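This report describes selected side chains of one protein model. Please view the sequence and the structure before reading on.

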Amino acid sequence: MFDQFTVVTDPVGDSVALSAIFAVLPLLTLFVLLGVLKVKAWLAGVISLAVALIVAIAVYAMPIGQAVLSATEGAAFGFFPILWIVINAIWVYNLTVESGHFDVLRRSFERVSPDMRIQAIIIAFCFGALLEALAGFGTPVAITVVMLMALGFRPIHAASVSLLANTAPVAFGALATPIVTLASVSSGANPDPRLTVDTLGAMVGRQTPILAVVVPLMLVALVDGRRGIRQTWPAALVAGVSFGLAQFVAANYISVPLTDIVAALVSAAAVVLLVRVWHPVTPADLGREPEAAAVPAAREAVDAELAGPGTVRAAAGTRSDTTSTAAPGLGGSGGQTPPGDPRIDQTVSTGRHRGDDREPRPTDQARAATASGRRIADTPAEIGRAYAPYLIIIAIFSVANLGAVKTALAKEPWTVKFAWPGLDILGGNGKPLSSVTFTLNWLPAAGTLMILAGILTALVLRVSAGRALRAYGRTYVELRYAIVTVMAVLALAYVMNQSGQTNTLGAFLAAAGGAFVFLSAILGWIGVAVTGSDTSANALFGALQVQTAARAGLDPLLLAAANSSGGVLGKMISPQNLAIAAGAVGMAGREGEIFRKVFGWSLVLLLFMCVLVALQASPVLSWMVP
């Protein structure tokens with residue numbers, strides 16, 4: 001039951017092709033359940049995990065005990081570090097909602113431009129890229145989706161826009177962790193001296209920037225169709241071109257880990273400067289679809305308790321000078337002025353809240369303004385506090401990633417590595433799989449750093465310890481289905497990887513020989529679609545890419561980079577990211593709707609990347625390869 005297991009690639013008739021028919025079953029099950037049968041993501045993940053276990057045991061002859069232990073390690077990895085960062089990032093967001101400062105931040109973004117299409121570019125693309133650069137692992141989707149909801153986006157649109165925007169920056173996310181991982185696994189499988197972090201980052205920096213140019217155009221098309229492109233293409237192009245150029249320059253000439261930080265800040269600055277001198281035509285019917293936002297019960301209860309006389313609630317996509325219940329959270333929302341409404345800023349006189357003696361919150365000011373028919377002008381101090389959580393996050397992550405600090409935190413007792421108990425699996429080369437070693441970097445983990453950021457945020461925003469702890473508990477409740485989904489999908493990924501199913505799929509695609517150059521990006525896409533992580537996809541297939549390149553006479557640097565660049569396009573259809581997006585907008589159980597909304601975009605961008613890589617392997621664009 002717990003006997004040692006050696007990974008095999010061709011268990012069915014010694015044929016990779018026949019074995020691939022069985023190896024693909026868990027993925028087909030997952031995608032059919034989500035996209036066709038509209039099964040809830042957590043249930044689809046559990047069912048697909050069961051299929052993967054059956055294939056591993058019955059077809060690949062993996063001992064039952066080893067298969068189950070593999071699943072438990074994957075589930076544990078799904079919680080830590082992936083869910084650990086997502087949960088704590090959303091807690092930080094919930095603290096801003098609890099204090100009312102999220103609405104101040106929303107109004108600040110809204111003042112840049114009242115046009116929802118411009119807001120999609122600034123928040124989902126630019127700000128989301130900054131969050132991806134700092135944390136990754138679903139954090140950008142989790143935070144930007146609720147910001148869009150609070151601005152009046154329908155839940156399905158908010159989720160779709162955030163997922164689509166989370167493409168171009170992913171390869172350099174979490175301070176280029178995917179590139180670092182790719183360099184580690186590929187350099188050990190191929191002697192090419194170019195397989196380093198700097199050169200791989202430079203090559204990826206010659207692929208994903210081209211995606212960045214078109215993604216903002218797709219965003220405005222997703223928000224407002226052809227009319228959106230026709231009316232806002234200048235802003236979309238400025239955002240995409242500035243991001244792409246900055247990403248190229250940073251990846252090739254400045255710093256691979258800082259690539260997305262530089263690109264996000266440059267792109268945001270470019271768009272803000274543009275809208276100071278140019279304003280798009282904003283149609284009166286923009287964003288006024290009749291669908292109401294789904295609001296978690298916890299938020300409804302708190303809003304009901306805090307609502308004062310004369311407060312009228314508004315769902316996302318409606319126009320009202322009211323408090324917002326669109327974004328899921330924990331109450332304390334401030335005044336909302338929907339996109340497109342003219343703003344009349346007046347000084348608002350506020351008193352104490354419910355007779356207590358503390359400072360009035362932005363929430364109190366918004367309600368006082370609502371009751372008197374006025375709209376508030378946020379003070380510079382409140383605006384500074386609203387931005388403080390993100391400045392705190394940037395500062396903490398920057399310090400934690402300083403060379404000396406990062407090296408110190410990577411050692412015991414701050415980071416502990418251990419073999420997963422009872423798991424005994426050998427690769428085809430007869431050596432233990434590296435994935436059986438679990439890394440518990442409990443202090444330097446992004447999620448732990450986010451907790452520290454949350455504590456400092458609570459102090460800056462004057463949220464009491466009791467309210468902060470209650471907010472933390474409710475965050476777990478809000479994400480309960482997403483937690484199950486992510487842990488199930490990562491368990492599925494580990495079973496497929498450690499039983500040999502993913503190797504079979506990779507070997508089947510690699511059998512295409514020279515034509516593999518067109519398919520290499522698809523391999524990365526599959527890896528991210530399954531695991532939800534470009535880092536994991538690079539760990540799964542990075543070595544396979546460079547080994548196949550050697551056999552087929554292709555450039556290993558190009559194929560390794562294609563694995564990462566193609567992988568970013570699978571992020572938007574990954575069940576774990578779908579679950580995060582759906583949970584954040586109160587659509588848990590309706591992940592299939594979001595999946596169908598973004599699947600076509602994912603395929604279009606994937607085809608684009610496949611063609612680009614093929615051209616870079618030909619004399620047409622071979623000059624782009626370092």
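**Thr29 and its surroundings**

A polar atom of the Thr29 side chain lies 2.7 Å from the backbone oxygen of Leu25. Thr29 belongs to helix H2 (residues 25-35); helices are DSSP runs (H or I) of at least four residues, numbered from the N terminus. With a relative accessible area of 19%, Thr29 is buried, a term for values under 20% with a 1.4 Å probe and protein chains only. Leaving aside neighbours within four places in sequence, Thr29 is in contact (heavy atoms within 4.5 Å) with Ile47, Ser48 and Val51.

**Basis of the model**

This is a predicted model, in which local features need pLDDT of at least 70 and side-chain atom pairs count only at pLDDT 80 or more, while totals for chains, interfaces and linings use all residues. Residues are numbered from 1 along each chain as its sequence is written, and side-chain values use heavy atoms, leaving out hydrogens and water.

**Salt bridges**

Side chains of opposite charge can pair when their charged atoms come close. The structure holds 7 salt bridges, each a side-chain nitrogen of Lys or Arg within 4 Å of a carboxyl oxygen of Asp or Glu.

Arg117 pairs with Asp115, with the closest N and O atoms 2.6 Å apart. Arg117 also forms a salt bridge with Asp224 (2.9 Å, N to O). This second pair links distant parts of the chain, 107 residues apart: Arg117 is in helix H6 (residues 116-134) and Asp224 in helix H11 (residues 208-254). Both Arg117 and Asp224 are buried. A network of salt bridges links Asp115, Arg117, Asp224 and Arg227.

Note on methods: Helices (H or I, at least four residues) and strands (E, at least two) are DSSP runs, numbered from the N terminus. Buried means under 20% relative accessible area, exposed over 50%, partly exposed in between (1.4 Å probe, protein chains only). A polar contact is a pair of N or O atoms within 3.5 Å; within protein, one must be able to donate a hydrogen and the other to accept it, and residues adjacent in sequence count only if both atoms are side-chain atoms.
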